[in-house]
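Here are my notes on the model, as numbered points. Please read them with the structure open.

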Amino acid sequence: MKRLLIIFLSVSCLAGCSSGFVYQRKPDPVQDALKLPVKVAVVVFEDGTGDFTSHGNIFSGYVFNLAKTGINGVALNTGAAFSVSPLPPARWAKSLADEMAASGAFRSVKFMFGPSEVTDEDIVVEGALTKADFTTIKDKPDEFVLHLKVRRMPDNTVVREGDVGRSGIRPSGLTSGCFGYGGCVIDRIHGYLNGVMQGIFADTHLDLVRALAPPPGEKKPDLPGQESPEEVIKRILGKP
C-alpha cells in the first residue's frame, strides 16, 4: 500500500509540479503584415516591481509578485506539491523577442542580456517589468505592466516610450472542472498567463510597427542587395 501511495504521488508530481510555464504565441490571423527591414535587439528587462514576493493571508487571499516568486499550491487549494511558475523580467524579454521573430515583420530579432551585446542592430527595445501581480483576493484585479523604451541606433534616438499592460479580474470559471486536481489548475492558470502575455505583446508589436513604419507616401527602405521597384521596372522593360 505504501509503495502504491509513493507511485501515485510521483505520477501526480510529474503531471503538475514539474510542469513549468512555457510561452506559446498565438498564430497571426493576417499573413500579409507590414514587413520592416530592420534588425531588432530586445535587451533583458529590469525588475521594476514592488519590493515584495507576496502579501496577504489564507483567509482573505494573497497578492503574488510573479516577477520574484511563483504561486504556492496552498494558496490555490491544490496542495503544496503544485505551484505556478514565476515570470521574471528575463522571461518576458525573451518571450517578446521570440514573438517578434516569429511574426516575420522584422529582418531579424535577437534577445540579449545587455546593451553591450548590441552590434549592427538598428533598433533596441529595453525596459522594465513594473507590475506582475497575481491575486487570489476576490474581486481584486491582476496587474501586469511593461515600461518599454525603443531606441534607434546608432544615435540612440528614442522613437517610442511608454507603458503597455493588462489589468482585470480573472474569469470566474477559469478552473471549473478541475475538481481541485493540482495539475489541471496549474495548466489553466499558465494558459491564462499566456493569454495575458499574448495581449501585451500584440499591443507592443503594433506600437513598434507604427513607430517604425515610413510615413504614408514616403519610400520604404529596401533591403541590402534588393532591387527597388523602379529598378525592377527598368529591368523588365530592358531600359538601362
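1. Is Glu 126 buried or exposed? Glu 126 counts as buried, because its relative accessibility is 18% (buried is under 20% relative accessible area, exposed over 50%, partly exposed in between, with a 1.4 Å probe and protein chains only). Glu 126 lies in strand β8, residues 123-135 (strands are DSSP E runs of at least two residues, helices H or I runs of at least four, numbered from the N terminus).

2. This is a predicted model: local features need pLDDT of at least 70, side-chain atom pairs count only at pLDDT 80 or more, and totals for chains, interfaces and linings use all residues. Residues are numbered from 1 along each chain as its sequence is written, and side-chain values use heavy atoms, with hydrogens and water left out.

3. The side chains of Glu 126 and Arg 151 are joined by a polar contact of 2.7 Å (a pair of N or O atoms within 3.5 Å; within protein, one must be able to donate a hydrogen and the other to accept it, and residues adjacent in sequence count only if both atoms are side-chain atoms).

4. There are six aromatic pairs (rings of Phe, Tyr and Trp, the last by its six-membered ring, with centres within 6.5 Å; planes under 30 degrees apart are stacked, over 60 edge-to-face, the rest tilted). Tyr 23 and Phe 201 make an edge-to-face pair, at 5.3 Å centre to centre and 70 degrees between the planes. Tyr 23 is in the loop between α1 (2-15) and β1 (36-43) and Phe 201 in helix α3 (residues 182-212), so the pair ties together parts 178 residues apart in sequence. Both Tyr 23 and Phe 201 are buried.

5. Ring pairs link Tyr 23, Trp 92, Phe 144 and Phe 201 into a cluster.
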